[in-house]
Amino acid sequence: MTGWIVETLIATSILMLVVLMLRGPVARRFGPRVAYALWLLPALRTILPPLPVTVAPHPLAALPPLLDIEIVREATQVAQAAPAVDWAALLLALWLGGAVVHFLWHLGAYGLFVHRVIGRSTPLPMLDRDGIEVCASRAIRGPFATGIFVKTIVLPHDYRRRYDADELRLAMAHEAQHHRRCDMSANLAALIVLSAHWFNPIAHRAHRAFRIDQELACDAVVLAAATPFERHAYGLALLKSTCDRLPVAACALGAGDDLKRRLKMMGHNKPSRRAARCGTALAVVLTGGGLLLTASGGIAAEAGGAVGEDVRLAVAQTAGWAPVAVPAEQAADIAEVLPPPAPPAPLPPPPAPDAVDAVPPVPPAPPAPPVPPREALGDIGDIGREVSVAMRDVERDVRVAVADARRAVVDARRDALAAQREAAAASRQARTRVRVVMHDCRSEGRVPTTSVAYDRNGAELHTVSVCENGGVDQAEIRQTVISALEGARRSVASMDIPAAGEAGRAQALANIDRKIAELRAR
């Protein structure tokens with residue numbers, strides 16, 4: 001059982017590294033949904049049972065019959081003393097305790113978070129649909145989906161002011177897709193796998209990548225038939241829903257793990273049907289092939305264990321030449337295999353008195369004891385050396401995998417900083433523009449007015465209508481424009497934008513202040 005657990009942890013770690021390397025190219029070529037399906041490979045390998053040894057031929061069947069050794073002296077059996085501490089059982093208990101603590105900790109954190117959010121929420125029955133309840137809460141900054149049996153979508157309390165109609169519709173469609181795709185159940189299964197690998201940095205990196213691919217796959221479903229305007233509205237909803245890190249089992253629209261990649265993937269075209277079919281076939285082939293390759297390791301491990309037992313028994317039978325330490329429980333079996341020692345030859349009778357001068361015949365020399373075949377011992381030593389080399393290769397591969405995981409963490413942090421810079425650059429695009437329109441008030445009968453509008457990019461446009469003549473001098477025109485600019489400044493200062501857009505707000509306010517100063521200096 002312990003051998004199967006160790007092999008499963010190593011195999012799933014290797015498969016996680018494979019998926020981490022393939023997810024990016026597969027998403028660009030075949031779409032995010034195919035990349036998300038690749039995570040079935042380590043998940044299925046975790047629950048793959050050990051296969052019986054009879055599935056594959058036993059390795060001893062291929063060995064030449066070199067272990068037929070004749071014993072010429074009685075073997076000396078040295079019983080191995082039982083170890084004072086069972087390190088295997090101790091490590092198994094440590095791993096199992098860490099897994100249970102990790103799982104209960106994160107599950108409890110998620111339960112407390114949901115209880116706090118739902119406890120401070122207001123039901124919105126007019127937004128319920130398809131058996132999904134909708135409510136608003138002050139405890140969150142962006143929409144998120146929760147519940148496996150009671151499906152719920154939680155919106156921020158200021159959703160009416162934060163989102164327009166299209167943005168709210170697309171945000172709720174995103175969270176509804178999480179429920180339709182059973183992503184909450186998938187997150188629970190991923191938490192179980194992560195708890196089994198609580199000590200493994202590769203698993204923690206893979207879990208973050210799994211959550212990112214989950215959100216990208218959900219984005220792809222929502223934007224499958226979206227227009228460019230809807231894509232723009234969806235991007236604005238993502239920026240407005242940016243929130244801090246949530247519990248590992250929560251599905252939030254604005255989870256800021258990889259916002260940069262999500263915004264980039266929105267600009268990619270939907271893959272063709274042929275590409276989607278090829279991607280699905282590729283995911284099936286990779287999953288099946290990965291399970292078969294790693295499952296063969298289980299057969300080899302059991303067969304290798306059987307080889308080790310047979311080799312130890314064979315070496316123990318050569319104890320006439322070199323005593324070998326064997327376990328006490330195997331001593332009886334070895335004793336039954338060894339032939340009993342030959343009885344000593346009887347002494348010849350003393351010579352008769354009358355045959356003193358007779359010369360007794362010389363007895364024939366006893367046959368020389370057979371020499372053990374050196375080829376058999378050499379093959380046993382080769383097997384031991386091959387096992388040692390294989391173990392060193394496994395240790396080297398694990399060290400290389402850990403180093404790759406650390407480099408991946410550094411790259412992820414670098415990408416997060418780049419995403420923050422791009423978000424700040426995007427927020428600077430939300431400029432406030434002021435347009436002054438001059439009218440002939442005497443002929444048209446107009447009066448000075450001020451209006452506010454928004455263009456398709458979400459920029460605020462202030463239109464100021466002033467009289468070109470009709471008793472209004474230039475000083476009054478400047479004062480009217482200054483008043484309009486001051487109103488625009490107050491509007492920009494009161495805008496509810498994410499923290500990443502504070503730099504853009506400061507730049508817009510500085511431009512308005514500079515324009516007001518220029519007008520007052522005239």
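Biologist: At what angle do the axes of helix H4 (residues 87-119) and helix H7 (residues 183-196) cross, and what counts as an axis here?

Modeller: The two axes come within 8 Å and cross at roughly 145°. An axis is a line fitted to C-alpha atoms, for helices over the stretch in contact, and the angle runs from 0 to 180 degrees between N-to-C directions. Two packed helices are described by the angle between their axes and the distance between the axes. This is a predicted model, in which local features need pLDDT of at least 70 and side-chain atom pairs count only at pLDDT 80 or more, while totals for chains, interfaces and linings use all residues. Residues are numbered from 1 along each chain as its sequence is written, and side-chain values use heavy atoms, with hydrogens and water left out.

Biologist: Which residues of H4 and H7 meet, and what is their make-up by class?

Modeller: Contact means heavy atoms within 4.5 Å, and on the H4 side it involves Trp95, Ala99, His102, Phe103, His106 and Leu107, which meet Leu188, Leu191, Ile192, Leu194, Ser195 and Ala196 of H7. By class, this contact has nine nonpolar, three polar and no charged residues, where Ala, Val, Leu, Ile, Met, Phe, Trp, Tyr, Cys and Pro count as nonpolar, Asp, Glu, Lys and Arg as charged, and the others, Gly among them, as polar.

Biologist: Why is leucine 104 called exposed?

Modeller: Leucine 104 is found in helix H4, and a residue is exposed over 50% relative accessible area, buried under 20%, and partly exposed in between (1.4 Å probe, protein chains only). With 52% relative accessibility, leucine 104 therefore counts as exposed. Its C-alpha atom is 9.9 Å in space from that of isoleucine 192, at a sequence separation of 88 residues.

Biologist: How do you know where the buried residues of H16 lie around its axis?

Modeller: The buried residues of H16 are Gly504, Arg505, Ala508, Leu509, Ile512, Ile516 and Leu519. Seen down the helix axis, they fall within an arc of 135°, so they line one face of H16; the arc is that of the directions from the axis to the C-beta atoms. Alanine 510 also lies in H16, but at 36% relative accessibility it counts as partly exposed.

Biologist: Why is alanine 405 called buried?

Modeller: Alanine 405, in helix H13 (residues 374-428), has a relative accessible area of 5% and is therefore buried.

Biologist: What is the phi of aspartate 130, and what is the phi of cysteine 182?

Modeller: Most residues other than glycine have a negative phi. Aspartate 130, in the loop between strand S2 (121-123) and strand S3 (133-137), has a positive phi near 55°. Cysteine 182, in the loop between helix H6 (165-180) and H7, also has a positive phi, of about 55°. Aspartate 130 counts as exposed at 61% relative accessibility, while cysteine 182, at 46%, is partly exposed.

Terms used:
Helices (H or I, at least four residues) and strands (E, at least two) are DSSP runs, numbered from the N terminus.
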